[in-house]
Amino acid sequence: MKTDWIPIALVPVLAVAALPLIPNTPTWVTLTVAGLAMGMMIFMMASGLTLVFGLMDVMNFAHGAFISVGAYAAASVLIAMKGDMQAASLAANLSAMAPALLAAMALAGLLGWFFERVVIRPVYGDHLKQILVTMGGLIVVEQLIHVVWGPDIIPLPRPATLTGSVLFGDAAIERYRMLAVLVGLAVFAAMWLVLGRTKLGLLIRAGVENTEMVESLGYRIRRLFVGVFVAGSALAGLGGVMWAMYQESVSAGMGMQMMVVIFIVIIIGGLGSVGGCFVGALLVGLMANYIGYVAPKLALGSNILLMVLVLLWRPRGLYPVGKA
Amino acid sequence: MNWLLSGDYPRSRVLAALLILVFVGLALAPFVFPGTRALNVAAKVAVFILLVASYDLLLGYTGIVSFAHTMFFGIGGYGIGIAAAKLGPTWINLGLGIFVSSLVTLALALAIGLLSLRVRAIFFAMITLAVASFFQILASQLSDFTGGEDGINFKLPELLQSRLVCYYGVLVISCLLYLVLLRIVNSPFGRVLQSIRENEFRAEALGYRTVAYRSVANCLGAFAATAAGALYALWLRYTGPDTTLSFSIMIDLLLMVVIGGMGTMYGAVIGATLFVVAQNYLQDLMKLAADATQALPSFLQFVPGLLHPDRWLLWLGVLFIVCVYYFPAGIVGRLRR
Amino acid sequence: MPDALLALEAVNTHIGQYHILQGVSFSVPQNSLTMLLGRNGAGKTTCLRTIMGLWRASAGSVKFGEKEITRTPTPDLARLGIAYVPENMGIFAGLTVRENMLLAARGGALDDKRLEWIFGLFPAMKKFWGSLAGNLSGGQKQMLAISRAIAEPRRLLLVDEPTKGLAPAIIAAMIEAFREVKRDATLVVVEQNFHFARTLGDAVAVMDSGRIVHTGTMSALAADEAMQQRLLGLSLDAHQ
């Protein structure tokens with residue numbers, strides 16, 4: 001089976017290309033890990049959106065709402081379990097984080113279910129209305145967050161054992177970033193296994209290419225839609241928590257702020273491709289960190305430049321999928 | 001009257017009455033509504049009527065969802081701002097600023113139009129979002145040129161220094177440009193746009209080069225937005241990222257055009273007036289309501305939260321969603337039934 | 001006349017504002033192969049898609065045996081035993097040949113004996129079993145599409161232009177396959193290749209401008225050159 005290795009190879013290529021620009025090798029290591037960690041978190045936030053679009057042909061502009069809601073849900077749990085978070089034991093920290101992550105995924109997933117049934121179902125097939133309606137949903141949810149959790153930004157300190165950095169030789173690597181990379185890899189591995197090795201995954205991959213044909217083969221794929229949407233929303237919630245702890249604060253607008261980066265990542269990756277989303281996210285994360293060090297003024301715009309470069313090379317993204 | 005309105009009548013008594021009310025209100029604002037706040041609201045209404053109308057040309061008449069409209073609004077504002085601040089507040093310099101803004105707008109509108117009108121609507125929407133975001137970053141990073149996050153404060157030529165003259169200048173020009181847009185959508189060109197929106201394949205089959213038409217529509221809408229931006233900057237004597245480029249303004253635009261009524265032009269008048277007035281005065285009303293409901297029993301304690309004045313956007317958002325589902329032609333459409 | 005497995009009556013289909021099917025009525029006898037012929041744009045593909053529920057009939061009725069299936073959703077039709085092979089083949093390019101075939105096996109696993117039979121008809125399937133379907137040639141893709149449709153026994157097969165762009169050798173294999181399938185199933189095949197149509201067809205229905213303008217046996221049509229000329233604008237000896 002021939003896999004297209006070129007896009008994946010871009011990640012190490014970019015990392016290596018940055019070496020001459022960052023003369024201090026330990027700094028390069030730190031930045032690379034930071035970039036990978038950021039990329040993993042963006043991947044978690046974006047993967048649901050690209051899969052939903054690929055499978056259901058729905059662009060959910062309210063995806064940012066799931067990110068914010070997940071972060072807030074987790075924040076509530078973590079604040080309640082402050083003691084465990086501040087304890088110096090990893091076990092205690094994890095015992096607080098685990099329910100927080102679950103709460104984030106559950107609430108985001110629930111919101112996703114509500115969205116699919118009530119907000120999006122009436123406008124399947126009408127892209128214009130989808131864009132408008134989901135934008136409206138984003139506004140409303142953001143406001144509701146204010147109603148429930150108040151208007152202020154909530155600080156969210158990292159768990160005690162995951163603050164600070166670890167020294168590998170001369171390179172300082174933040175503990176939290178290592179966790180982010182691990183979680184991201186775990187999520188990606190899980191998605192890869194489900195999509196590649198299960199019949200469910202097979203149906204989803206086939207459905208992304210040609211929903212009609214899957215139905216003609218006798219599968220009620222529309223029933224899958226809700227499930228995929230909910231899973232995508234839950235993932236966004238998870239990404240939201242991880243990101244919030246990275247920033248050490250939760251704000252209602254954080255989801256909306258990420259939308260531009262998320263769009264850039266899924267466009268780079270190819271709409272509908274989870275693998276593409278992964279590669280795209282890592283590239284964006286690395287770029288942001290390298291450029292942020294080398295030329296800070298360009299950092300914010302570097303993503304967009306990366307997107308333009310990728311589109312010039314492959315107009316439909318790194319891994320184009322069936323539906324044009 | 002027929003010539004003035006380009007044959008596009010309100011077609012509803014209530015709507016006509018509302019339009020006249022708005023027009024009279026704006027025309028007599030300095031005298032009827034005392035105070036600087038009221039005049040500010042009126043000026044903002046005048047500017048936004050034009051801006052929303054320009055967006056309706058794109059969204060309502062051509063069926064294009066673009067998130068880059070605030071970029072053109074900003075170009076107009078910065079054109080005036082940079083010219084006035086760097087070159088001096090003379091009429092010639094302002095004219096130069098407008099001229100340069102127009103060129104930049106033309107270039108960007110053409111680029112966006114030709115590049116992305118060939119791709120699917122969703123892709124186009126996302127790209128415009130990225131472009132607008134990039135522009136916003138540019139504006140805040142090139143602070144020597146654009147004043148960065150703080151924006152640019154500047155003085156106006158002597159004639160415009162009178163608030164009254166400035167106000168009527170803004171109102172008259174906004175009115176004229178609005179009528180031009182009205183003329184455009186009711187012209188043969190406008191009718192072709194509508195047919196493209198209805199059924200692109202058919203229009204192509206009939207021989208209309210749809211990409212060309214949509215590109216022109218894109219440019220016209222962008223120009224009008226730039227003009228609105230220039231007017232707004234003149235009124236505020238200030239231009240900056242949050243008055244012109246922020247994403248919340250883009251969202252406000254969407255709300256205004258949909259609630260007012262897409263594809264009606266008059267919807268812009270209703271939507272802009274409703275929104276700007278609500279933005280400024282609804283909050284006072286909501287505060288009253290919130291205070292009144294403070295005494296509710298504990299299980300209804302979320303009610304004051306929902307009525308808190310800062311949550312006015314929540315209600316407009318809900319209204320917006322309701323409009324998209326049930327009133328695709330917004331308030332104007334409802335009134336015309 | 002044997003019982004009709006499929007019966008259309010006064011079926012109308014609108015796509016947007018275009019009225020494509022304008023009252024289509026015909027029936028398909030069981031265990032036969034009905035060729036659906038006609039010029040380009042006559043509505044043949046629309047007809048198949050309407051039967052399969054991919055496009056909604058705006059009027060009329062479609063019956064499968066005794067069952068009224070006009071409003072039945074597509075997946076349910078497949079479960080009733082109807083298979084559809086679209087004009088563009090509908091194979092999943094990003095999946096391997098094996099994965100494409102797996103999807104056809106709703107029960108879970110593929111029947112080995114049946115698989116051997118398919119490999120016998122289309123050896124390329126065995127050769128490219130692990131390859132991505134997108135890397136196959138046009139002819140091989142078509143073979144995959146047909147293989148997928150016959151991976152499990154079906155009662156009715158709707159096939160849209162199976163021989164389009166195929167080399168004669170492959171067409172021969174296709175004919176062989178269809179002959180085998182015809183023994184247990186009923187087929188409705190849209191075709192432009194007359195040689196293929198004449199060789200396999202038992203019954204024939206000719207469409208023009210969204211209506212059925214002729215039904216009858218294939219042998220009758222094959223014998224009447226004037227009728228062929230009138231209905232289809234060519235003679236059977238064309239399209240060898």
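Q: What confidence scores does the predictor give the complex?
A: This is a predicted model. The predictor assigns the complex an ipTM of 0.88 and a pTM of 0.84.

Q: Which chains share the most contacts?
A: Chains A and B do, out of the 2 pairs of chains in contact.

Q: And how many residues of chain A and chain B are in contact there?
A: On one side there are 27 residues of chain A, and on the other 29 residues of chain B.

Q: Which elements of chain A give two or more residues to the side that touches chain B?
A: They are helix 6 (127-149), helix 11 (254-269) and helix 13 (296-313) of chain A. Helix 6 of chain A gives the most to that side, with 15 residues.

Q: What is the make-up of that side by class?
A: The side of chain A that touches chain B has 19 nonpolar residues, 6 polar residues and 2 charged residues.

Q: What does its C-alpha trace span, and what share of its residues is buried?
A: The C-alpha trace of chain A spans about 60 × 45 × 35 Å along its principal axes. Buried residues account for 54% of the 324 residues in chain A.

Q: Could we pick one residue, A:Trp28: where is it found?
A: A:Trp28 is found in helix 2 (residues 25-56) of chain A.

Q: Is A:Trp28 buried or exposed, and why?
A: A:Trp28 counts as buried because it has 20 C-beta neighbours inside 10 Å.

Q: Which residues does A:Trp28 touch?
A: Leaving out residues up to four places away in sequence, A:Trp28 touches A:Ala18, A:Leu19 and A:Ile22.

Q: What is the secondary structure of chain B?
A: Chain B comes to 16 helices and 2 strands. Its radius of gyration is 20 Å, which agrees with the value near 20 Å that a compact globule of 337 residues would have. The C-alpha trace of chain B spans about 65 × 50 × 40 Å along its principal axes, and 47% of the 337 residues are buried.

Q: Over to chain C: what is its mean pLDDT?
A: The mean pLDDT of chain C is 85, and 96% of its residues reach 70 or more. Among the elements of chain C, helix 10 (residues 225-232) has the lowest mean pLDDT, 77, while strand 7 (residues 156-160) has the highest, 93.

Q: In what order do the 6 strands of the open sheet in chain C run?
A: The order is 6-7-8-3-9-10, and the pairing is mixed. Strand 6 (82-85) and strand 10 (211-217) of chain C are the edge strands, each pairing on one side only. The twist averages 15° from one strand to the next.

Q: In which sense do strand 6 and strand 7 of chain C pair, parallel or antiparallel?
A: Strand 6 and strand 7 of chain C pair in the parallel sense over 4 bridges. The bridge partner of C:Ile82 in strand 7 of chain C is C:Leu156.

Q: Which strands does helix 1 of chain C touch?
A: Helix 1 (residues 44-51) of chain C packs on the sheet and touches strand 3 (33-38), strand 6, strand 7, strand 8 (186-190) and strand 9 (203-208) of chain C. Helix 7 (residues 168-184) of chain C lies across strand 3, strand 7 and strand 8 of chain C, at about 140° to strand 8.

Q: Last one: how many bridges join strand 1 and strand 2 of chain C?
A: Strand 1 (residues 4-15) and strand 2 (residues 18-29) of chain C pair in the antiparallel sense over 9 bridges. Their hairpin has 2 residues between the strands, and C:Gly16 takes a positive phi near 65° there.

Definitions and conventions
Residues are numbered from 1 along each chain as its sequence is written. Chains are lettered from A and ligands numbered from 1 in the order in which they are written. This is a predicted model: local features need pLDDT of at least 70, side-chain atom pairs count only at pLDDT 80 or more; totals for chains, interfaces and linings use all residues. Two residues are in contact if their C-beta atoms, placed from the backbone, lie within 7 Å. Ala, Val, Leu, Ile, Met, Phe, Trp, Tyr, Cys and Pro count as nonpolar, Asp, Glu, Lys and Arg as charged, and the others, Gly among them, as polar. A residue is buried if 20 or more other C-beta atoms lie within 10 Å of its own, exposed if 12 or fewer, and partly exposed in between; C-beta atoms are placed from the backbone. pLDDT is the predictor's confidence in each residue, from 0 to 100. Two strands pair if DSSP finds at least two bridges between them. Axes are lines fitted to C-alpha atoms, for helices over the stretch in contact, and angles run from 0 to 180 degrees between N-to-C directions. The radius of gyration is taken over C-alpha atoms; the globule rule is 2.2 Å times the number of residues to the power 0.38.
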